[in-house]
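Please look through this structure one region at a time. The report below goes from terms to the ligand, then to helices, then to single residues.

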Amino acid sequence: MLSPNSGGGTEVALFFNAGPRLEAEEFRLIRDLVHGFCGIRLADESRLAVERRLGERLDGLGLQNFAEYCELLSQTGRGQGELEHAVDLLTTNETYFFRERPQLQAFENEVLPQLRELCALRRSLTVWSAGCSTGEEVYTLAILIARSGLFAGWDVRVFGNDISRRVLKTARRGVYRGSSFRAMPEGWKAHFIKTPDGYMVESKVRSMCHFGHFNLLDRGRIALLGRVDAIFCRNVMIYFGDEARRSLIDSFYDRLTPGGFLMLGHSESLLHLSTAFELAHLTGDLAYRKPSQLPFVPRGAS
Ligand SMILES: C[S@@+](CC[C@H](N)C(=O)[O-])C[C@H]1O[C@@H](n2cnc3c(N)ncnc32)[C@H](O)[C@@H]1O
């Protein structure tokens, strides 16, 4: 996996690449194209990791070296399709059910009751998992909502998007095994049905979940989502440059219902990116909230 842009490239020293060599200039071209396309900033230290990951792609395309690959990436039309493919090979898709437990518990115990109040008149709730990878986060949120019992009879939609078609295929299938379950509470097994290929999310939960393929930098596409009441964007922005982070945060602000929540990964924050949100202090976690007339009521204060 490539390291987040703030980190080093520890894996880099561990591998010797026997395939085609990626020259510094070629790396810079790929880095700039990837950054412009999807916001992901490849650190200089990741050059060898990029060389190894894309080296296999060169083989598949019958190309001799990275100079030919860069030429392909630079072509109008065909280049864009290949760039999508390259990004798919370079992104980190790590995810699992019930990831970052304290945050999810705070969502269940403190955010959901507030959302029930916020959305009571229309009896509909929309939650967006931005950069959902193979879907475990989307199903986790749907299970939490279903188990809360707060939204029975409501129109509930949990929506996930990703830039990778490959991971979305897994997400839509909803069948998981082994490491996806490494942090899942024992009692949640009831939400899965055993199949020969793994465990399938039960249909009651699946019917709440929807997936879409789009780039988080595509503001026009994001506008089509309509209003959302809570956004989870976890372990996505750590790979982005600042400009892409700002653009994404602006999109989140536009999409959120006033009073709606933004939940980031534990190593991510809005520091130096936006002052438009207010802080919601949850037990054991911190969330962001789009300001509204309805004040945020911390747990226990009534
Ligand atoms: C590490 S996974 C995080 C999955 C999940 N949110 C979690 O925390 O478990 C990051 C995902 O973000 C996706 N991603 C990265 N840049 C993106 C972009 N510009 N648009 C949409 N998805 C993107 C990647 O394809 C990857 O699947």
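## Terms and model

Buried means under 20% relative accessible area, exposed means over 50%, and partly exposed lies in between (1.4 Å probe, protein chains only). Glu100 counts as buried, because its relative accessibility is 15%.

This is a predicted model, in which local features need pLDDT of at least 70, side-chain atom pairs count only at pLDDT 80 or more, and totals for chains, interfaces and linings use all residues. Residues are numbered from 1 along each chain as its sequence is written, and side-chain values use heavy atoms, with hydrogens and water left out.

## Around the ligand

Some atom pairs can be picked out. A polar side-chain atom of Arg99 lies 2.8 Å from an oxygen atom of the ligand. Gly131 uses its backbone: an N or O atom there lies 2.9 Å from a ligand nitrogen atom. A polar side-chain atom of Asn215 is 3.0 Å from a nitrogen atom of the ligand. Taken alone, the ligand exposes 600 Å², and the protein buries 98% of that. Such areas come from the Shrake-Rupley method with a 1.4 Å probe; for residues, only the protein chains shown count as cover.

## Helix H6

Helices (H or I, at least four residues) and strands (E, at least two) are DSSP runs, numbered from the N terminus. The expected span is 1.5 Å times one less than the number of residues.

Why is H6 largely enclosed by the rest of the structure? The reason is that 10 of its 13 residues are buried. Among them are Glu136, Tyr139 and Leu144. After H6 comes Gly149, whose phi is positive, near 70°.

H4 has 13 residues and reaches 19 Å between its end C-alpha atoms, close to the expected 18 Å. Its buried residues include Gly79, Leu83 and Val87. An α-helix has 3.6 residues a turn, so residues three or four places apart point the same way. Which elements cover the buried residues of H4? The cover includes helices H1 (24-38), H2 (47-61), H3 (66-73) and H7 (165-173).

Helix H10 (residues 242-255) has 14 residues. They should span 20 Å, and the end C-alpha atoms are 20 Å apart, which agrees. Ala244, Leu248 and Phe252 are among the buried residues of H10. Their cover includes strand S1 (124-130), helix H9 (219-223), S7 and S8.

Asp229 sits in strand S7 (residues 228-233). Is Asp229 buried or exposed? Asp229 is buried, with a relative accessible area of 1%. Beyond four places in sequence, its contacts (heavy atoms within 4.5 Å) include Leu115, Arg122, Leu256 and Phe261. Thr257 is a further contact of Asp229. The side chains of Asp229 and Thr257 are joined by a polar contact of 2.7 Å. A polar contact is a pair of N or O atoms within 3.5 Å; within protein, one must be able to donate a hydrogen and the other to accept it, and residues adjacent in sequence count only if both atoms are side-chain atoms.

Gln114 is found in helix H5. Gln114 is buried at 14% relative accessible area. Not counting residues up to four places away, Gln114 touches Phe261, Pro295, Phe296 and Val297.

## Loops with a positive phi

Most residues other than glycine have a negative phi, and most peptide bonds are trans. Glu100 is not a glycine, yet its phi is positive, about 60°. Glu100 lies in the loop between helix H4 (78-90) and helix H5 (101-118).

His272 also has a positive phi, of about 70°, without being a glycine. Its loop runs between strand S8 (256-264) and strand S9 (278-282). His272 is exposed, with a relative accessible area of 69%.
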